[in-house]
Amino acid sequence: MHLEDVDRTMLAEIGRRHGLWDADREPELISRRAENTTFAVGECIVRRSTDPRALAREVALLGALAASTTVPVPIPLMYDPDLGVFAYRRLTGTPLIHLRSRESEPVERALIDVLGTLRALGAAHLLPADPYPNEAWRRDALDAFETIRPHLTSEQARRIAESFDEAPPPDRGDVIAQHNDLGAEHILVDDVGRVTGVIDWTDAARADPARDLGSIYRDLGPGSAFRVSEALGQPVTDDEASRIRFHARCTWIEDAAFALAAPTSRQAYLDNVRHTFGHTFGPAR
């Protein structure tokens, strides 16, 4: 990806003004999306947003989380609302998506801590509602399923199709503060499996709690998702388990389509969907 001259000038000025990196540090463009552009400079990550209100919410949320949870999260080192930019020191660790062996107990403890803190902070009033209905989730998943079907075995395609035969769970009003994109790529761990950070809080919102739990189900397995749910005070009834599985399966298909759109550069996502298919579309537990 190309780093534009205007980006270099902005990053050089931020580095000079705040003393976060040496002037000769070469910046790297990490991603460029409609809402956010992310750069790496030295030991720092810099993100520029086109939505100043969303950026202000994220900075406030990260500051509150950092002060209240034992789990490392990005801590804003500078924030310039006029530029729509904030920077934080890069957290150490390996994204869990790169690992096949996923020791669940230390990861579960960390997720219980950070998600429990997020809920207890009452941070929901800082966050927008994300009311995307379950019927739309199902429709998007079925559309994406058609794009990935040629890459699936007949057995995989059958299991996916059967899982969407029934109507989606009804929408519910008890939305709560969620990370809202809690995939394995956003959970960092050290060499012994301890969580060293939970990153990328851009999509944090008030939403169905089955969303975060669905991501945990997909990437860590149903046992982990149900234990985290119970620890957060949300009993896993048959209805709740169905909701969590539904979101796990929708996001599995979404990630599969994302990976297959650029399999060379998104190999980690491709490996992850292969690794997690069995339990995501396995028998209900």
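In which sense do S1 and S2 pair, and over how many bridges? They pair in the antiparallel sense, over four bridges. This is a predicted model, where local features need pLDDT of at least 70, side-chain atom pairs count only at pLDDT 80 or more, and totals for chains, interfaces and linings use all residues. Residues are numbered from 1 along each chain as its sequence is written, and side-chain values use heavy atoms, leaving out hydrogens and water.

**Strands and hairpins**

- Helices (H or I, at least four residues) and strands (E, at least two) are DSSP runs, numbered from the N terminus.
- Two strands count as paired if DSSP finds at least two bridges between them.
- S1 and S2 make a hairpin with three residues between them, and Glu-28 has Ala-40 in S2 as its bridge partner.
- S2 also pairs with strand S3 (residues 44–49), in the antiparallel sense over six bridges; here Phe-39 has Val-46 in S3 as its bridge partner.
- Two residues lie between S2 and S3 in their hairpin, and Gly-42 in the turn has a positive phi of about 60°.

**Both faces of S2**

- Strand S2 (residues 36–41) is mostly covered, with six of its six residues buried.
- Buried means under 20% relative accessible area, exposed means over 50%, and partly exposed is in between (1.4 Å probe, protein chains only).
- In a regular strand the side chains alternate between the two faces of the sheet.
- In S2, Asn-36, Thr-38 and Ala-40 point one way while Thr-37, Phe-39 and Val-41 point the other way, and all are buried.

**Salt bridges**

- Side chains of opposite charge can pair when their charged atoms come close.
- A salt bridge here is a side-chain nitrogen of Lys or Arg within 4 Å of a carboxyl oxygen of Asp or Glu, and the structure holds 23 of them.
- One of them joins Asp-7 and Arg-32, whose closest N and O atoms are 3.0 Å apart. This pair links distant parts of the chain, with Asp-7 in helix H1 (residues 5–18) and Arg-32 in strand S1 (residues 28–32), 25 residues apart.
- Asp-7 is buried at 0% relative accessible area, whereas Arg-32 is partly exposed at 34%.
- Glu-108 and Arg-227 also meet through their side chains, at 2.8 Å from N to O. Glu-108 lies in helix H3 (residues 104–120) and Arg-227 in helix H7 (residues 222–231), so the pair ties together parts that are 119 residues apart in sequence.
- Glu-108 is buried at 8% relative accessible area, and Arg-227 is partly exposed at 45%.
- The side chains of Glu-146 and Arg-149 form a salt bridge too, at 3.3 Å from N to O. Shared partners join Arg-172, Asp-174, Asp-208, Asp-239, Glu-240 and Arg-243 into one network of salt bridges.

**Around Ala-157**

- Ala-157 sits in helix H5 (residues 154–163) and counts as buried because its relative accessibility is 8%.
- Contact means heavy atoms within 4.5 Å; leaving aside residues up to four places away in sequence, Ala-157 touches Phe-145, Arg-149 and Leu-152.
- The C-alpha atoms of Ala-157 and Phe-145 are separated by 8.5 Å, and the two residues are twelve apart along the chain.

**Two loop residues with positive phi**

- Asn-180 is not a glycine, yet its phi is positive, near 80°. Asn-180 belongs to the loop between strand S7 (176–178) and strand S8 (187–189), and is buried at 16% relative accessibility.
- Asp-200, also not a glycine, has a positive phi of about 60°. Asp-200 is in the loop between strand S9 (195–198) and strand S10 (205–207), and is partly exposed at 24% relative accessible area.
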